[in-house]
Amino acid sequence: MKYIASDIHGEYDLFMRLLEKISFSDKDEFFVCGDIVEKGVDSVKLVRRLMKMPNVKCILGNHEYAFLKYYWSIMECSPTDFDGVLDKLRENFSGGDALLDFDVVDYLEALPFYIETNDFICVHAGVPKAIDGSILPLENASAEQLVYDRTFKDPAVTTSISSKCVFFGHTPTIALTGGRAEILTYLKPNRQGKSVSDYYKIHLDLGTPITGRLGCFCVETCTPHYVDRFR
């Protein structure tokens, strides 16, 4: 099975509970649409866990991108003071997280801005589109559009009927639901939702640090799965 989530934001315990709930195994795949880090208390612990899971694929969100831009700016000024660089980078995380090392930094730096498969696209915020709604080549999109786009969340914004389903996060769905933390799906006309190709887009960000809820979407069954901090 393939599962997709977004905006875990350092909620290590919830992520582990979610894997347990879906009985995640070495035969499965898990995709994370960015914003692995910050807000939650276990950002680096979560990253280090993901680094050890070859069947988990992650992309950059705006928080990882901002972290990397900060890292690159420090390296321009202190290219040889590696201990000093790490000290400054650790200040980004709860308690100056001592778990952060250059293996973690290198892992984040190597993450792509998107993942495209035969069936779907994973992006953090939005995709570039032509006038007819078709998705333009992602490799030509700017990093800023892929990680910062705020328009793609709007229910009226869709893609062409022939386009692949786009999984994304970035903005908590509670901003659109009146406070309900749930995965939002957008069906193409005259489709039943039994295949991922039936959807224009699937909005995954549940505002986990605020709501205490983390969810993922199963590609094969087209069903959401949730765990809650206090349940």
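## Contacts, cores and cysteines in a predicted model

R231 touches R17 and R213, when residues up to four places away in sequence are not counted. R231 is placed in the segment after β10 (223-228), and with a relative accessibility of 72% this residue counts as exposed. Although R231 and G212 stand 19 residues apart along the chain, 9.7 Å separates their C-alpha atoms. These values, like those that follow, come from a predicted model.

### Overall form

The protein has eight helices and 10 strands. Along the principal axes, its C-alpha atoms fill a box of roughly 60 × 45 × 35 Å. The radius of gyration is 18 Å; a compact globule of 231 residues would have a value near 17 Å, and so the two agree. Of the 231 residues, 53% count as buried. Contacts that reach along the chain can also be described: among those between residues at least 6 apart in sequence, 68% join residues at least 24 apart.

### Nonpolar cores and a helix pair

In soluble globular proteins, nonpolar side chains tend to be buried together. In this model the largest nonpolar core has 40 residues, and F15, F30 and I36 have the most contacts inside it. Leaving aside neighbours within four places in sequence, F15 is in contact with I8, F30, L46, L50, M53 and L214. Another core, of 20 residues, lies apart from the largest one; F31, I59, C122 and V196 are among its members.

F15 also takes part in a contact between two helices. The axes of helix α1 (residues 12-21) and helix α2 (residues 43-51) come within 9 Å and cross at roughly 35°. On the α1 side the contact is made by Y12, F15 and M16, and on the α2 side by K45, L46, R49 and L50. Sorted by class, the contact of α1 with α2 has five nonpolar residues, two charged residues and no polar ones.

### Cysteines

A disulfide is a covalent bond between the sulfur atoms of two cysteines. How many disulfides does the model contain? The count comes to zero. C122 is in no disulfide, because its nearest cysteine sulfur, that of C33, is 3.9 Å away, whereas the rule requires a pair of sulfur atoms within 2.5 Å. C122 counts as buried, at 1% relative accessibility. C216 is likewise in no disulfide, the nearest cysteine sulfur being that of C218, 7.6 Å away. C216 is buried, with a relative accessible area of 0%.

### Residues in loops

Most residues other than glycine have a negative phi. D35 and K39 both have positive values, and both lie in the loop between β2 (29-32) and α2. Is each of them buried or exposed? The table gives the answer for each residue.

| Residue | Phi | Relative accessibility | Class |
|---|---|---|---|
| D35 | near 55° | 1% | buried |
| K39 | near 75° | 60% | exposed |

A further loop, between β6 (165-168) and α7 (174-177), holds T171. T171 is buried, because its relative accessible area is 7% and the class covers values under 20%. Leaving aside neighbours within four places in sequence, T171 is in contact with R150, K153, H203 and D205.

Key
Residues numbered from 1 in each chain as written. Predicted model: local features only at pLDDT ≥ 70, side-chain atom pairs only at ≥ 80, totals over all residues. Heavy atoms only, no water. Axes fitted to C-alpha atoms, helices over the stretch in contact; angles between N-to-C directions. Helix = DSSP H or I, 4+ residues; strand = E, 2+ residues; numbered from the N terminus. Contact = heavy atoms within 4.5 Å. Nonpolar A, V, L, I, M, F, W, Y, C, P; charged D, E, K, R; others polar. Buried < 20%, exposed > 50% of the residue type's maximum accessible area, 1.4 Å probe, protein only. Core = buried A, V, L, I, M, F, W, Y, C linked by side-chain atoms within 4.5 Å. Rg over C-alpha atoms; globule rule 2.2 N^0.38 Å.
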